[in-house]
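This briefing is meant for a reader who is meeting the structure for the first time. Please look over the sequence and the model before turning to the points grouped below.

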Amino acid sequence: MAEIVYPPVIALAKTLFRALDLKIHVEGAERIPRTGGAVLASNHISYLDFIFAGLAALPAERLVRFMAKKDVFDHRISGPLMRGMHHIPVDRAAGAAAFGASLKALKSGEVVGVFAEATISRSFTVKEIKNGAVRMAVGAKVPLIPMALWGTQRLWTKGRPRRLLQRHVPITVLVGEPLEPKRGDDYDAVTAELRRRMAELLDRAQRTYPEIPPGAWWQPSHFGGGAPTPEEAAKLDAAEAQARQGDDLS
């Protein structure tokens, strides 16, 4: 497919990262195949995650097609960019269409990026995930590659003001060993293993991060940070979902 939009966007992002002197550390990029389809399954802590997750595929000279909420495609600014980069819209009311589009992309040799938690984790831990990423990998007969991001939440995350022009922020991107799920496997068991690997990568990213200040809002509670516990975050998510449902009915 024609790549008119994606390469300039990457070039602009890399220029901005250099100007802000972001300390980006990518590890495990060699695990992303140079040819053929693959599913990248990442944790989700920031509205900017797709930008940084995509960096891991650049050494393999791959462009990642991320699955993202339809709302992002409907926006007057982000919409044309997302469509131009051939990302995949996800409509919660019609999920089968997004799944089909992802399978088509994978079977044609594309790398598809999935935020398996579906929404941003307010606790900065890995939430429960569904088996969609596993089913995609099985359906297209491609590897399923776990990833973890850390530091991106400091720039822009749910419930916090944007701080996009912060300088010198460390960003960690870790790519784990691929899984090779196949038809006949217990998809829920494979999903549990995917989540375990994502959580393990995230824990390593958090423990080796250059800055671990106690009490910081962007640190998880189990590190003494100010982020909500997973239980507190679940209550906030439930309240948000209820409010959204009320808006839809009004």
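In this predicted model, what covers the buried residues of helix H1 includes strand E1, helix H2 (49–55) and strand E3.

**Helix H1**

- The residues of H1 that are buried are Tyr6, Ile10, Ala13, Phe17 and Leu20, and because they cover an arc of only 95° around the axis, they lie on the same side of H1.
- Leu12 and Arg18, on the other side of H1, are exposed.
- Helix H1 takes in residues 6–20, and its 15 residues should span 21 Å at 1.5 Å a residue, which agrees with the 21 Å between its end C-alpha atoms.
- Aspartate 21 follows H1 and has a positive phi, near 55°.

**The sheet**

- Seven strands form an open sheet with mixed pairing, and their order is E1-E7-E6-E2-E5-E3-E4.
- At the edges of this sheet are strand E1 (23–27) and strand E4 (88–90), each of which pairs on one side only, while the twist from one strand to the next averages 20°.
- Strand E2 (residues 38–42) and strand E6 (residues 144–150) run parallel and are joined by 4 bridges; leucine 40 has isoleucine 145 in E6 as its bridge partner.
- Helix H5 (residues 95–107) packs on the sheet, where it touches E2, strand E3 (64–69), E4 and strand E5 (111–115), and the direction of H5 makes about 160° with that of E4.

**Helix H7**

- Buried residues of H7 are Val190, Thr191, Leu194, Met198, Leu201, Leu202, Ala205 and Gln206; seen down the axis of H7, they fall within an arc of 150°, so they line one face of the helix.
- These buried residues pack against E2, helix H6 (132–140), E6 and strand E7 (170–175), whereas Glu200 and Arg207, on the other side of H7, are exposed.

**The annotated region**

- According to UniProt, in an unreviewed entry, residues 38–152 are listed as "domain: Phospholipid/glycerol acyltransferase".

How values were computed: Residues are numbered from 1 along each chain as its sequence is written. This is a predicted model: local features need pLDDT of at least 70, side-chain atom pairs count only at pLDDT 80 or more; totals for chains, interfaces and linings use all residues. Side-chain values use heavy atoms; hydrogens and water are left out. UniProt positions are given in the numbering used here, feature names are shortened, and annotations may be inferred rather than shown by experiment. Two strands pair if DSSP finds at least two bridges between them. Helices (H or I, at least four residues) and strands (E, at least two) are DSSP runs, numbered from the N terminus. Axes are lines fitted to C-alpha atoms, for helices over the stretch in contact, and angles run from 0 to 180 degrees between N-to-C directions. Contact means heavy atoms within 4.5 Å. Buried means under 20% relative accessible area, exposed over 50%, partly exposed in between (1.4 Å probe, protein chains only). The arc is that of the directions from the helix axis to the C-beta atoms. The expected span of a helix is 1.5 Å times one less than its number of residues.
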